[in-house]
Amino acid sequence: MPPFSDTDYVHMARALTLAARGQYSAHPNPMVGCVIVNDDKIVGEGWHERAGEPHAEVNALAAAGREARGATAYVTLEPCAHHGKTPPCSEALIDAGISKVIAAMRDPYSEVAGRGLDALGTAGVATEVGLMRSAAEALNAGYLARVTRNRPFVRVKIAASIDGAIAMKSGESQWITGAEARQDVQRLRARSGAVLTGIGTVLADDPSLNVRLEELTPTHLQPLRVVLDSQLRMPLTARMLSLPGETLIYCAGGHDDSRLDGAGAEVCTFGAAGEQVDARKVFEDLARRGVNDVLVEAGPELTGHLLEQELVDELVIYQAPHIMGSETRGMFHTPAWQSLTDRKVLKISDVRRIGSDTRITARVQY
């Protein structure tokens, strides 16, 4: 990796900040930011605002105009080299006369995968890769999971008391956390390509699973609502079926889905009659549909099963400052775990206050 200057870090940090502006609108495309610098002065900035529209480099070049000639472009992801919904960004950079491109990381997508940097190099544009790579990878963890692992990044959201309870034994759970935490969950949903739950949660709570923040609604496409329902018990009166957006129900074979015709849901059958839905295959199917990030909002049985199957990438736990006692339900149901050797190690990446609650973000270490 070449040595980068303090100024290089400043400009790439700015590009990453710009990229993050696409967190609610760019998916299924990656979030990308670009900063163009000429004679130590920023002459153009841009980010990828939404799928199907110009990429970050094109927006930055438009802002820079003639000042792009001889300039350096700082890009959070390798410029594309293929014709998709928009022309290749590598060609746009070459045509604009950019003299150097510094990319935070290579794009592993098969249509790019080094071709963008190769095209730039062939045209005489100097290239460097690796500046703030870790930050760039974290920003697009979902996109990278989809294109390299053939499944989305799976994030499990949990609201719990400080003693780890998510509900009383009776099922009473509204509300454990405060209004600020619930609003923060809306942002998590808005960042996700799909929000997933189990049929048990649907029957017990009748959740909407939609985004209800007014500032996001005008530009944000509602995430796909996904229900794992092996026996196809989805009620026609479920609230989510009457809301804008798509609902996808995964069931096992042997069930008549005709009663859901016209109910606003698509039914997919995975597995033979009597079997549980294979969550791994569900995630692979969601990846084929272009879903980068899945937010799981479910009960302890489903979240425990996903942990056991090593399908959870990250936990986001909203912990309320109260004690609910012993007559409660825990975060995860994992009857197969019988000793300390079965436990899952977490790497905490962020802890912060959200209103009166504490939000803990942690990666699961498998």
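Contact here means heavy atoms within 4.5 Å. Leaving aside neighbours within four places in sequence, I36 is in contact with K41, I42, V43, G44, A60, L61, A64, A68, A71, T72, A73 and I98.

The model is predicted: local features need pLDDT of at least 70, side-chain atom pairs count only at pLDDT 80 or more, and totals for chains, interfaces and linings use all residues. Residues are numbered from 1 along each chain as its sequence is written, and side-chain values use heavy atoms, with hydrogens and water left out.

**Cores.** A nonpolar core is a set of buried Ala, Val, Leu, Ile, Met, Phe, Trp, Tyr and Cys residues joined through side-chain atoms within 4.5 Å. Buried means under 20% relative accessible area (1.4 Å probe, protein chains only). The largest core has 35 residues; M12, I36, A73, I98 and V101 touch the most other members. Elements that each supply at least two of its residues include α1 (6–19), β1 (33–38) and α6 (141–149). A second, separate core holds 33 residues, among them V156, I166, F270 and L286.

**T76.** T76 counts as buried because its relative accessibility is 3%. Its side chain reaches the backbone nitrogen of G33 at 3.0 Å. Residues touched by T76 include M12, A15, M31 and A136.

**Cysteines.** A disulfide is a pair of cysteine sulfur atoms within 2.5 Å. By this rule the count is zero. C251 and the cysteine with the nearest sulfur, C268, are 8.3 Å apart at their sulfurs.

| Cysteine | Relative accessible area |
|---|---|
| C251 | 1%, buried |
| C268 | 11%, buried |

Conventions. Buried < 20%, exposed > 50% of the residue type's maximum accessible area, 1.4 Å probe, protein only. Helix = DSSP H or I, 4+ residues; strand = E, 2+ residues; numbered from the N terminus. Polar contact = N/O pair within 3.5 Å; in protein donor to acceptor, adjacent residues only side chain to side chain.
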